[in-house]
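Have the structure open as you read.

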Amino acid sequence: MGLAGATIAAACATNPVTGDREFVAISEAQELSIGREADVEIRSQMGVYADESLQAFVEEMGHALAAVSHRPDLDWHFAVVDSPAVNAFALPGGYIYLTRGIMAHLNDEAELAGVLGHEIAHVTARHSVQAYSRAFGANLGLLAAQIFVPAMRSPYGGPGLGDAAGNGLGLLMLRFGRDDERQADRLGAEYAVASGWDPHGVGDMLATLARIAETSDRRGVPNWLSTHPEPADRVVEAAATVDRLLADVDPAALRVARAAYLDRVDGLVYGDNPEDGIVRGRDFLHPELLFAVRFPEGWEVSNSPAAVVARQPGRDNYLLLTLAEDPAGELPRVAEREMLAAGYRMQQGTPTSINGLDAYVGTWTGTGRGREPVIAHVAYIRSGRSVYVLGGFAPADEFSYIDREVDESIRTFRALGRDEAEAIRPNRIAIYEVRDGDTWQRIALRAGEETVLASTLAILNGYPVYEQPTAGDIIKIVVPG
């Protein structure tokens, strides 16, 4: 069959869930091909989390849910990818991914079943195919999509950054509409019950994601929220679905399995992996590339594959750290070349030394995306064979207020000693029994340092942020590695 025939056949496809005839511009064979090719990209860019037991557990649960779905004969694949982002996503053809970030935020097997069932539903109802068709015009083969979630996005760009100032993940991620999300919630609950798990997990995980949304800067929400519209709006509808499903079964026969799940995630890496650099309070440390830098007090620091971004809360003022794209040549020439390419004109620059490293520090002017005047105070620092770019960007009428902080941060850039680098370990999830008098604040500080905020601990354990834990509760905490 030629391409035209394949397209006609695809256009007359039957939806496996509804049984309705609908226009779909991708045939099932093409869907499977897209998924296979995209899977290679996902695993290459993100990496698979190195815990064979956890991977086998998720695969086993995923296949149990898929077996009772509307497309049980698909060659389903499930993986936990090595990302701190809170997300789960589905690609055409039956490829389902959960990040270790979302695994840390789930609290029992029922919630995991809710997430897996929801993503399976996006495939069974062909939401992923329809979204792919909308996004990429049904082109055959993999179209690589670099989606940057604007968690810390600068409106000013920067040398070698483009949109990489966001908290970006190089993923093929598809955005679904509200009707698709509600249908996936319903189907996910149905798949959970059919495979023996309590469907309350769907609503519980949506409530956790809604709490994350409430405590996030609305200009930069967690990754799940960038691809799955407003979970809070769906909690009530999910509850109605659960009530309907439980009317026909014995709820006591359905699994929740909190203790078993917590045992699975005990020791899970939480937050940044040191191999990719790690944020410790104000400090960013990179034990592989052997450098460290300290950002201003109170600024929000975010690490992504392309850049480290610190943002002054409530302001469009940023400090960006990245690598020069072309480090060849003397530092003044490297700086001039890259800043000019980014649309900035030099006002002044000075060769200098920063903690024993050759550097060139200068001030540039440019325009933001809204055409407003922007000032940038940027250092090009040579360490080993690399040149690091570290600089502050702000509207011209605000820059004088942060210039000192930016310069002080630039001056903290230093080489990291081997012994110091080898001592850096990732934060991990640990299981803890709440004691009399414990609060989230006290638990967050129990190791002598606040590895995560008290509100984060509450959300991590499925509690409203205003509700304290009770003595005897078994919870997840975050401890230094």
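## A strand residue and its neighbours

Gln347 is part of strand S11, which covers residues 345–354. Helices (H or I, at least four residues) and strands (E, at least two) are DSSP runs, numbered from the N terminus. Gln347 touches Thr363, Trp364 and Thr365, leaving aside residues up to four places away in sequence; contact here means heavy atoms within 4.5 Å. Between the C-alpha atoms of Gln347 and Ala376 the separation is 9.9 Å, and these two residues are 29 residues apart along the chain.

A word on the ground rules: this is a predicted model, in which local features need pLDDT of at least 70 and side-chain atom pairs count only at pLDDT 80 or more, while totals for chains, interfaces and linings use all residues. Residues are numbered from 1 along each chain as its sequence is written, and side-chain values use heavy atoms, with hydrogens and water left out.

## H8 and its two partners

How do the axes of H5 and H8 cross? Helix H5 (residues 109–124) and helix H8 (residues 200–214) cross at roughly 85°, and their axes come within 7 Å. Axes are lines fitted to C-alpha atoms, for helices over the stretch in contact, and angles run from 0 to 180 degrees between N-to-C directions. H5 and H8 are therefore roughly perpendicular to each other. For orientation, angles under 35 degrees count as roughly parallel, over 145 as roughly antiparallel, 65 to 115 as roughly perpendicular and the rest as oblique. On the H5 side the contact is made by Ala110, Glu111, Gly114, Val115 and His118, and on the H8 side by Gly201, Val202, Asp204 and Met205. By class, the residues of this contact of H5 with H8 are four nonpolar, three polar and two charged. In this scheme Ala, Val, Leu, Ile, Met, Phe, Trp, Tyr, Cys and Pro count as nonpolar, Asp, Glu, Lys and Arg as charged, and the others, Gly among them, as polar.

H8 also packs with H10: their axes come within 8 Å and cross at roughly 165°, so H8 and H10 are roughly antiparallel to each other. The crossing of H8 past H10 is left-handed. From H8 come His200, Val202, Gly203, Leu206 and Ala207, and from H10 come Val235, Ala238, Val242 and Leu246. The contact of H8 with H10 divides into seven nonpolar residues, two polar and no charged. Val202 belongs to the contact with H5 and also to the contact with H10.

## H10 meets H7

Helix H10 (residues 235–246) also packs with helix H7 (residues 178–194), with their axes 10 Å apart and at an angle of about 30°. H7 and H10 are therefore roughly parallel to each other. Their crossing is right-handed; a crossing is left-handed if the near helix is turned anticlockwise from the far one by less than a right angle, and right-handed if clockwise.

Which residues of H7 and H10 meet? Arg182, Arg186, Ala189, Glu190 and Val193 of H7 meet Glu237, Thr241, Arg244 and Leu245 of H10. The residues of this contact of H7 with H10 are three nonpolar, one polar and five charged.

## Positive phi in two loops

Two residues other than glycine have a positive phi: Ala257 is near 55° and Leu290 is near 60°. Ala257 lies in the loop between H10 and helix H11 (258–265). Leu290 sits in the loop between strand S6 (283–286) and strand S7 (291–294).

On a 1 Å grid over the protein atoms alone, a cavity is a set of points where a 1.4 Å probe fits but cannot get out, and a pocket is an open set with protein on both sides within 12 Å along at least five of seven lines; lining residues have an atom within 4 Å of a point. Grid points are joined across faces, edges and corners, and a volume is the space filled by probe spheres set on the points. The count comes to four cavities of 30 Å³ or more, and the largest cavity holds about 50 Å³. Its lining has 10 residues, with Ile443, Ala444, Arg446, Thr451 and Val478 nearest the centre. Strand S17 (474–479) and helix H15 (440–444) each supply at least two lining residues, and S17 gives the most, with three.

The second largest pocket has a volume of about 150 Å³. Residues lining this pocket include Asn273, Pro287, Ala421 and Arg425. The lining of the second largest pocket has five nonpolar, one polar and four charged residues.
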